[in-house]
Amino acid sequence: GAFDNAQTNKMQKYGTNCLLDLKLQWSEKTWNAYLQANNLTSKHYHDISNVEQPGLWIMGGVKFNLPL
């Protein structure tokens, strides 16, 4: 795809990007936990419509299974 570059007034093709992500997950009988990191190299790039994407992004969570 391409977008209209407002600075040059020309159509510009989107570049190719390669990202490195990691997800660690631990599961037990009554709970699960995870830690996820996206864009480990903190690469600066723009997505469709020239929207700048975040650098390193880290998320985590825990899920409990309660017997009812």
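The following legends describe close-up views of a predicted model of one protein chain.

View 1. The chain contains seven strands and zero helices. Read from the N terminus, its elements follow the order β-β-β-β-β-β-β. The C-alpha atoms occupy a box of roughly 60 × 25 × 15 Å along the principal axes. The radius of gyration of the chain is 19 Å, whereas a compact globule of 68 residues would have a value near 11 Å. Among contacts with a separation of 6 or more, 32% join residues 24 or more positions apart.

**View 2. The surface of the chain.** Of the 68 residues in the chain, 13% are buried.

**View 3. Strand 4 and strand 7 lie side by side as a pair.** Strand 4 comprises residues 31-38 and pairs with strand 7 in the antiparallel sense, over eight bridges. Within this pairing, leucine 35 stands opposite glycine 60 of strand 7.

**View 4. Asparagine 39 in its loop.** Asparagine 39 belongs to the loop between strand 4 and strand 5. Is this residue, asparagine 39, buried or exposed? Asparagine 39 counts as buried because its relative accessible area is 3%, and the limit for a buried residue is under 20%. Beyond its neighbours within four places in sequence, asparagine 39 is in contact with Leu19, Leu20, Asp21, Tyr45, Pro54, Gly55 and Leu56. Serine 27 is 12 residues away from asparagine 39 along the chain, and the C-alpha atoms of the two are separated by 24 Å.

**View 5. Isoleucine 48 in its loop.** Isoleucine 48 is found between strand 5 (46-47) and strand 6 (51-52), in the loop that joins them. Isoleucine 48 counts as exposed because its relative accessible area is 61%, and the limit for an exposed residue is over 50%. Tyrosine 14 is 34 residues from isoleucine 48 along the chain, yet their C-alpha atoms are separated by 7.9 Å.

**View 6. Lysine 23 and the ring of tyrosine 34.** The charged end of lysine 23 sits over the ring of tyrosine 34, at 5.2 Å from the centre of that ring. As for pairs of aromatic rings, the count is zero.

Definitions and conventions
Residues are numbered from 1 along each chain as its sequence is written. This is a predicted model: local features need pLDDT of at least 70, side-chain atom pairs count only at pLDDT 80 or more; totals for chains, interfaces and linings use all residues. Side-chain values use heavy atoms; hydrogens and water are left out. Helices (H or I, at least four residues) and strands (E, at least two) are DSSP runs, numbered from the N terminus. Buried means under 20% relative accessible area, exposed over 50%, partly exposed in between (1.4 Å probe, protein chains only). Rings of Phe, Tyr and Trp (its six-membered ring) pair if their centres lie within 6.5 Å; planes under 30 degrees apart count as stacked, over 60 as edge-to-face and the rest as tilted. A charge sits over a ring if NZ of Lys or CZ of Arg is within 6 Å of the ring centre and within 35 degrees of the ring normal. The radius of gyration is taken over C-alpha atoms; the globule rule is 2.2 Å times the number of residues to the power 0.38. Contact means heavy atoms within 4.5 Å. Two strands pair if DSSP finds at least two bridges between them.
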